[in-house]
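Q: I'm new to this one. Can you walk me through it, starting with the aromatic rings?

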Amino acid sequence: MSYPVSYYCPHCGALVEILREGYLADKSVTPYPLVGWEYAEPDEEFEDDAEGTSASSGTVSDDADGVHFVCGESDAPGLTWTGERIEADDVDDPHGESPCGRDFYLSFVRYEDGEAVESVPESEYVDIGL
């Protein structure tokens, strides 16, 4: 059985609802992908239901460690942009347009050898103007 679960864009605060199965192993929602995680699109199969079959009706993505969203643009069965907005954490533009059209990532908990894998953000080079 599927349930609507809400997430917000960390850039602008736009809310998205997506139908998910009852067991969730969500780790985080971030504006960047985590190193080593593989992301499915919302219209791809990214989780199994209780019977071991896909919860969505798109193409298969057996190795998905999360879901990649494009704020206000991602589209899939069971996905709804609510039109609501909450306060976002974006330090670049905290009062920007919503939806913003930027990428964000829902990451699931991953296990290797029975241990939860710690996430590492993508390295990003910053020019500090020196």
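A: First the rule: rings of Phe, Tyr and Trp (its six-membered ring) pair if their centres lie within 6.5 Å, and planes under 30 degrees apart count as stacked, over 60 as edge-to-face and the rest as tilted. This is a predicted model, where local features need pLDDT of at least 70 and side-chain atom pairs count only at pLDDT 80 or more, while totals for chains, interfaces and linings use all residues. Residues are numbered from 1 along each chain as its sequence is written, and side-chain values use heavy atoms, with hydrogens and water left out.

Q: How many aromatic pairs does that give?
A: The count comes to 4 aromatic pairs. One of them is Tyr39 with Tyr105: the ring centres are 4.9 Å apart and the planes stand at 65°, so this pair is edge-to-face.

Q: Where in the chain are Tyr39 and Tyr105?
A: Tyr39 is in strand 4 (residues 39-40) and Tyr105 is in strand 7 (residues 103-108), so the pair ties together parts 66 residues apart in sequence. Strands here are DSSP runs (E, at least two residues), numbered from the N terminus, and helices are likewise runs of H or I with at least four residues.

Q: Are Tyr39 and Tyr105 buried or exposed?
A: Both Tyr39 and Tyr105 are buried. Buried means under 20% relative accessible area, exposed means over 50%, and partly exposed is in between (1.4 Å probe, protein chains only).

Q: What about Trp81 and Phe104?
A: Their ring centres are 6.4 Å apart with the planes at 80°, so that pair is edge-to-face. It links distant parts of the chain, with Trp81 in strand 6 (residues 79-85) and Phe104 in strand 7, 23 residues apart. Trp81 is partly exposed at 22% relative accessibility, while Phe104 is buried at 0%. Ring pairs also join Phe69, Trp81 and Phe104 into a cluster.

Q: Which strands does strand 7 pair with?
A: Among them are strand 3 (residues 26-30), antiparallel over 4 bridges, and strand 5 (residues 66-70), antiparallel over 5 bridges. Two strands pair if DSSP finds at least two bridges between them. Asp26 stands opposite Phe108 of strand 7, and Phe69 stands opposite Phe104.

Q: Switching topic: what is the strand order in the open sheet of 3 strands?
A: The order is 1-2-6, with antiparallel pairing. Strand 1 (2-8) and strand 6 are at the edges with a single partner strand each, so one side of each has no neighbour in the sheet. Strand 2 (residues 14-21) and strand 6 are joined by 4 bridges, and Glu17 stands opposite Thr80 in strand 6.

Q: Last topic: where is Arg110?
A: Arg110 is in the loop between strand 7 and strand 8 (111-112). Arg110 is buried, with a relative accessible area of 15%.

Q: What does the charged end of Arg110 sit over?
A: It sits over the ring of Trp37, 4.5 Å from the ring centre. The rule asks for NZ of Lys or CZ of Arg within 6 Å of the ring centre and within 35 degrees of the ring normal.

Q: Which other residues does Arg110 touch?
A: Not counting residues up to four places away in sequence, Arg110 touches Val35, Gly36, Trp37, Asp65, Glu115, Ala116 and Val117. Contact means heavy atoms within 4.5 Å.
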